[in-house]
Amino acid sequence: MEINYKDFLTVNDFFNKQVFLDSKYQLNKNTIRRNAITNGKSPWKGAIPQDVLKWKLSLVDTFIDFTPTNSQVKIKNIQALEESEVRIVSFTLGMLFAQCYVQKFMGVNQLYHLKNLIKDKVITVSTKGKFPDFVGFNRSFDEVYLIEAKGSSTKRNYMSNKTIEEASEQLESVLTIVTHQIVRGQSYDKLYFGGNLKKFIVATHPDIQNNLTQEVIDPTEGKDSRLVMDVDKAVYLYYENLLFILNHSTKRKEVILNNSYVIFDVQEFNCSFGLLVDIYEILNTYYKKDSRKVESEGLKEKIDKSLEEFNGQRELEYISIGDDGIISMDN
């Protein structure tokens, strides 16, 4: 099925409805499920509760219409909710579909929840203020992306100007990002500023025909905030929900499209999730029940090496595979 999207080069272009690119992209249900696994906070201690996992999958089934006769993804059942409930669903769907867009077009292996990393002190900030939702790096690690996700369940041709203006302000708060990691046993810092620091608003909502649509806007300005990020720790937290589930579930190894995965089933939803065996084994060498005690030095280098020759980002009828080595599929 398809999702519509419109690209705007600046916030002013959005206000004036000067569309740079009007197009569509393909998306299947398992891609949304796969993103639901990594969406949200890291668990810190123990596995993510099975009830929470089921809630995430239920939200996808309950509010996203994947009827086979539809050519485009649609929203459903919103009219049965109270206003506060609608806000919760809109927020969650906005985050999920922003992840889908970024993975599709920006070559990002892992997309991190920036605010969670700040709370977990994986990212330190130079000033207080509001910050965008996501941070991620392209596969060659030479560009960083800051993403502010906005979601609405209201049928409209475009997201409101006020919402886009607020999103732009959150992105503009960041001027530079410094990453810290261990590479070949040595401490390595890298500065992202100006041309290699990309910022995007991804706003998701149904249009007046109830077809899911997105506006993608690029505000380039930056103010004074400096973010310093421990990317080794961030990589561990990215996979932690799935790692904890795998380590507390009945699992098996299975070869799918010439790659070996560790798989677990969610019988109630007739679906399965998994992770590349190589990445699972690397993560398990760092694993601790309390992630705050994990010594993660050198992890990103190992994960990147494992993904170098991996042919991810595949969508078949009943399977979705991401560049991060995570798979979702129907049973």
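Contact, as the word is used here, means heavy atoms within 4.5 Å. The model is predicted: local features need pLDDT of at least 70, side-chain atom pairs count only at pLDDT 80 or more, and totals for chains, interfaces and linings use all residues. Residues are numbered from 1 along each chain as its sequence is written, and side-chain values use heavy atoms, with hydrogens and water left out. Helices (H or I, at least four residues) and strands (E, at least two) are DSSP runs, numbered from the N terminus.

- N35 is found in helix α2.
- Not counting residues up to four places away in sequence, N35 touches L96, Q99, C100 and Q103.
- One of these, Q99, makes a polar contact through its side chain with the side chain of N35 (3.4 Å).
- A polar contact is a pair of N or O atoms within 3.5 Å; within protein, one must be able to donate a hydrogen and the other to accept it, and residues adjacent in sequence count only if both atoms are side-chain atoms.

**A buried aspartate in a loop**

- D133 is placed in the loop between β6 (123-125) and β7 (134-138).
- The relative accessibility of D133 is 6%, so this residue counts as buried.
- Leaving out residues up to four places away in sequence, D133 touches M95, Y112, H113, L114, K115, I147, E148 and A149.
- Y112 is 21 residues from D133 along the chain, and the C-alpha atoms of the two are separated by 8.3 Å.
- A polar atom of the D133 side chain lies 2.8 Å from the backbone nitrogen of A149.

**Salt bridges**

- A salt bridge is a side-chain nitrogen of Lys or Arg within 4 Å of a carboxyl oxygen of Asp or Glu, and by this rule the count comes to 13 salt bridges.
- One of them joins the side chains of R33 and D61 (4.0 Å, N to O).
- This pair links distant parts of the chain, with R33 in helix α2 (residues 29-38) and D61 in helix α3 (residues 50-63), 28 residues apart.
- R33 counts as buried at 4% relative accessibility, whereas D61 is partly exposed, with a relative accessible area of 22%.
- A network of salt bridges links K29, R33, D61 and D330.
- Another salt bridge is formed by E268 and K54, whose closest N and O atoms are 2.8 Å apart.
- E268 lies in the loop between β15 (259-266) and β16 (271-276) and K54 in helix α3, so this pair ties together parts that are 214 residues apart in sequence.
- E268 counts as exposed at 53% relative accessibility, while K54 is partly exposed, with a relative accessible area of 25%.
- R252 and D265 also form a salt bridge, with their closest N and O atoms 2.9 Å apart.
- Because R252 lies in strand β14 (residues 251-256) and D265 in strand β15, the pair ties together parts that are 13 residues apart in sequence.
- R252 counts as partly exposed at 33% relative accessibility, and D265 counts as partly exposed at 32%.

**Two helices in contact**

- Helix α8 (residues 277-286) and helix α9 (residues 299-307) have axes that come within 10 Å and cross at roughly 170 degrees.
- That makes α8 roughly antiparallel to α9, since angles under 35 degrees count as roughly parallel, over 145 as roughly antiparallel, 65 to 115 as roughly perpendicular and the rest as oblique.
- Axes are lines fitted to C-alpha atoms, for helices over the stretch in contact, and angles run from 0 to 180 degrees between N-to-C directions.
- On the α8 side the contact is made by D278, I279, I282, L283 and Y286, and on the α9 side by L299, K302, I303, S306 and L307.
- The residues of this contact divide into seven nonpolar, one polar and two charged.
- Ala, Val, Leu, Ile, Met, Phe, Trp, Tyr, Cys and Pro count as nonpolar, Asp, Glu, Lys and Arg as charged, and the others, Gly among them, as polar.

**Positive phi angles**

- K121 is not a glycine, yet has a positive phi of about 65 degrees.
- K121 is found in the loop between α5 (114-119) and β6, and is exposed, with a relative accessible area of 71%.
- N258, a residue other than glycine, has a positive phi near 75 degrees.
- N258 is found in the loop between β14 and β15, and counts as exposed at 75% relative accessibility.

Definitions and conventions: Buried < 20%, exposed > 50% of the residue type's maximum accessible area, 1.4 Å probe, protein only.
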